[in-house]
Amino acid sequence: MDPDRPFVLVVAASGGLHIAALNAAAQDHGLAVGETLADARAKAEGLQGDLQVRPLDAAADDAALRRVALWATRYTPTASPWSRDLWDEENGADGFFLDIEGAAHLFGGEDKLLADLAARLKDFGLPARLAVAATPGAAWALSHFHASPLFVLPSGDEASALADLPVDALRLQPDIRGSLRRLGFKTVGALLDKPRAPFAARFAAQLLRRVDQALGLCDEPLVPIVAPPVYHSLHYLLEPIMTQEAVIARTDRLMQTLANVLARDDAGARALRLCLYRVDGAVETVDIGLTLPTRNVAHVVRLFDLKLAALAATHDTGFGSGFGAEFGYEAIGLAITCAEPMPARQIEISSADLSDDALGPTNGDAAERYAALIDTLRGRLGTQGVRRFEPVESYIPERAEILTADGDEKASSEDLRAEDLHAEDLHAEEAAWPLADERSRPLLLLPQAEPTEVTALVPDGPPRRFSWRGVTYYIAGSQGPERIGAEWWRTPYGQTRPTRDYYLVEDFSGHRFWLYREGLYGRETTNARWYVHGLFA
Amino acid sequence: MADLAELSTGVQNRAETRAPTRSAVLADLRRLLPAVDDIHSTLPFGLPALDSHLPRGGLARGALHEVVPATEGTLPAAFGFVIAVLANLRPSGPLIFILPAYGRRDQGHLCRYVSGHGLSSLGLDPARVTLVETAHRKDSLWAVAEALHSGVPLAVAAAIDRLDLRTSQKLHLAANDSGRPLFLIRPAPPLEASAAATRWRVGVAEAARDRFGLIAHPRWHLQLERCRNGRPGEWKVEYDHVTHRFSLAAALADHALPRSPNARARKQAGGS
């Protein structure tokens, strides 16, 4: 495909294939968006064999737009792409809003920001029309219909700036546009000085809402591409950086900036996102979560370091060879996506803390240090790699506990802040660990009970001998049965699960096992099966 | 007399010239009072027979201890022994278990087998335990070092299948720096040389029975295979999970009463 020759994308609609998008060469031949393909071929006879036609791939378009919008978060965290589901197709899904309020001064003003954005987009090969205005509606109208591709509208001039633009600039549905045109309204200005009531009566609410949105008389919420972070800090680099060490060094400085802001607000970060803006326009994001809110720079930076190392290992590319290496990163942003209140606390100063500066997380109380360790371990081993035991209210041994990775805040406080625990006794009442002398449970519980061949004197008596994993054990003494019924409230109606009779058995050398017989002999089954379920210490 | 006067002025002069810094004083005190240090740096079993045998009256806190099952089938006993020692730790605090999700069947999947109720049955509160699963030996070693270095857990227990001498030295030093005991559960012999302070070989023994013939306390056959600055030894101990107390197993003759009907079966078992 040759980009210099006429090229159109077509979409199937009523009356055949319609042109959905075209390039500059096709435009020169007098083609326009919305024409049927047959008309276009007839109109431009000269390029009959020359016209390149492809079907429109809406999903790929959206993905590409999303990518560019994500890249544009280097200017401001709030980028809102025009999506097809929010907008009707005629308005296109070919651009995005940037909310640059409070961000423009970082680039030396709106003009400079706009020029920078235009230059970078041009480098990507994207000819873009850009406009800055006080409302999304006015910005949309100016970017589409203003003579200049770069235009900054001073705040308050919306009405006069829009007056000369065609009604199409108001982002209306095609039928409303059509009837406006039939009624002789050519420009937005013609609508503005008319009384509103007849419009409201005649047209759908959309017309007046769009007018109001363009003029800033009513709100237009933007849907950001990524949830705007609570705190955000960004560094633009003069020279692209490529190594992990350099990224980490920058992250350290970003986090220091954020830590000061957090301290001012008595807040701590629970989740952070590191955005690495690649020179070629792609954005790589690294997310970390924390067990307890923190403002500790060294700890956060260490977690990012671990995460980057883990990513490099899994992608098998790493900083040295693959991703980002050819291009480098031109900007680094650190965002706090979730912050929680964290009252200022007096830092305990002890000789150990002072002497052990490199450790970082040592200062602070035990709960914080514990959380720091858990975060560090999770940074390398994954969230599911670090878990705790939680009791579950059940008599079925394999159901009586779970390993859980969440609820750590509560769990970690259990040993470290025992006095606070009583406030959380509600949860403890649901399920609690039994006292040590209550009932005997094996130290190692097989995740799945393993079938075993058992010899017993009587069918419902204790076992005498069993073989498991290829070894035959002769039982010297057994204890039981401990009868555990099935949980009928968990089984579907009409079905029953067999009752289990558990025996603690010991063989002649002293190995202790937990066996069970499934099914009550004579009542539930005539051929009970045996299983090994656990190993005692 | 003159010599004496000279000597005393000399002492005075020296005291004046050397202004004692804080660190120097501390170092002096540390040197002078090793006994105080010892009380906090050991982990007694509470069983005189064992404690008096160990060099400082108990297991050293800042040290690496290896626990090895006597045979592959006694892994639960070896693990149980570690749990019992950890349950004995005072003061109570968080513990970290680093168990592999790789390797051979039993040792390898220890992390999936460990049961919170089982820990509770041995007198260890499962809420104190954080279970760390690792996919590689490298991760295990990293996690052990990280946990010790953080100074957070009261003790670290890990299962590691292979360990060379250098790595064991590093782990021992890490434990020493942190002052926390590190228990390594190792596979059944043969084993490589290691820098561990003690190596325990744990075998099973017939459980202690109460007067109704019910299993009351687990019993383990402990062999102190290696002990730095100490002698090897061998004991049969039983562990009371309620009182967290080790005791020496009673003489074997006590078994006779509940066991007598099975004597024949036992002979058969021994023969087969």
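Chain A of this predicted model contains 18 helices and 19 strands. Of the 537 residues in chain A, 33% are buried. If one takes the contacts in chain A between residues at least 6 apart in sequence, 54% of them join residues at least 24 apart.

Let me turn to a sheet within chain A. Four strands form an open sheet in the order β8-β11-β9-β10, and their pairing is antiparallel. Which strands stand at the edges? They are β8, residues 231-241, and β10, residues 283-294. Each of these has a single partner strand, so one side of each is left without a neighbour in the sheet. On average, neighbouring strands here are turned by 15° against each other, with direction ignored.

The partner of β10(A) in this order is β9(A), which spans residues 267-278. These two strands pair in the antiparallel sense over 8 bridges. As one example to locate on the structure, A:C275 has A:T285 in β10(A) as its bridge partner.

I now move to the contact between the two chains. Chain A contributes 48 residues and chain B contributes 53 residues. On the chain A side, the elements that each supply at least two residues are α15, β12 (386-391), β13 (401-404), α16 (408-416), β14 (444-456), β16 (471-484), β17 (500-507) and β19 (529-536). Which of these gives the most? It is α15(A), with 9 residues. By class, the side of chain A that touches chain B has 28 nonpolar, 9 polar and 11 charged residues.

Let us look at α15(A) in more detail. This helix covers residues 366-381 of chain A, and its axis comes within 10 Å of the axis of α9(B), residues 137-150 of chain B. The two axes cross at roughly 165°. An angle over 145 degrees counts as roughly antiparallel, and α15(A) and α9(B) are therefore roughly antiparallel to each other. Their crossing is right-handed.

Which residues meet there? From α15(A) they are A:R369, A:A372, A:L373, A:T376, A:L377, A:R380 and A:L381. From α9(B) they are B:D139, B:W142, B:A143, B:E146, B:A147 and B:S150. The residues of this helix contact divide into 7 nonpolar, 2 polar and 4 charged.

Strand pairing also links the two chains. β12(A) pairs with β5(B), residues 129-134 of chain B, in the antiparallel sense over 3 bridges. Within that pairing, A:R387 has B:L131 in β5(B) as its bridge partner.

The axes of α9(B) and α10(B), the latter spanning residues 165-178, come within 8 Å and cross at roughly 20°. That makes α9(B) roughly parallel to α10(B), and the crossing of these two helices is left-handed. The contact is made by B:L141, B:V144, B:A145, B:L148 and B:H149 of α9(B), together with B:T167, B:L171, B:A174, B:A175 and B:S178 of α10(B). How many charged residues does this contact have? By class, the contact of α9(B) with α10(B) has 7 nonpolar, 3 polar and no charged residues.

To place the two arrangements of α9(B) side by side: this helix is roughly antiparallel to α15(A), and roughly parallel to α10(B). The crossing with α15(A) is right-handed, whereas the crossing with α10(B) is left-handed.

Notes
Residues are numbered from 1 along each chain as its sequence is written. Chains are lettered from A and ligands numbered from 1 in the order in which they are written. This is a predicted model: local features need pLDDT of at least 70, side-chain atom pairs count only at pLDDT 80 or more; totals for chains, interfaces and linings use all residues. Axes are lines fitted to C-alpha atoms, for helices over the stretch in contact, and angles run from 0 to 180 degrees between N-to-C directions. Angles under 35 degrees count as roughly parallel, over 145 as roughly antiparallel, 65 to 115 as roughly perpendicular and the rest as oblique. A crossing is left-handed if the near helix is turned anticlockwise from the far one by less than a right angle, and right-handed if clockwise. Two residues are in contact if their C-beta atoms, placed from the backbone, lie within 7 Å. Ala, Val, Leu, Ile, Met, Phe, Trp, Tyr, Cys and Pro count as nonpolar, Asp, Glu, Lys and Arg as charged, and the others, Gly among them, as polar. Two strands pair if DSSP finds at least two bridges between them. A residue is buried if 20 or more other C-beta atoms lie within 10 Å of its own, exposed if 12 or fewer, and partly exposed in between; C-beta atoms are placed from the backbone.
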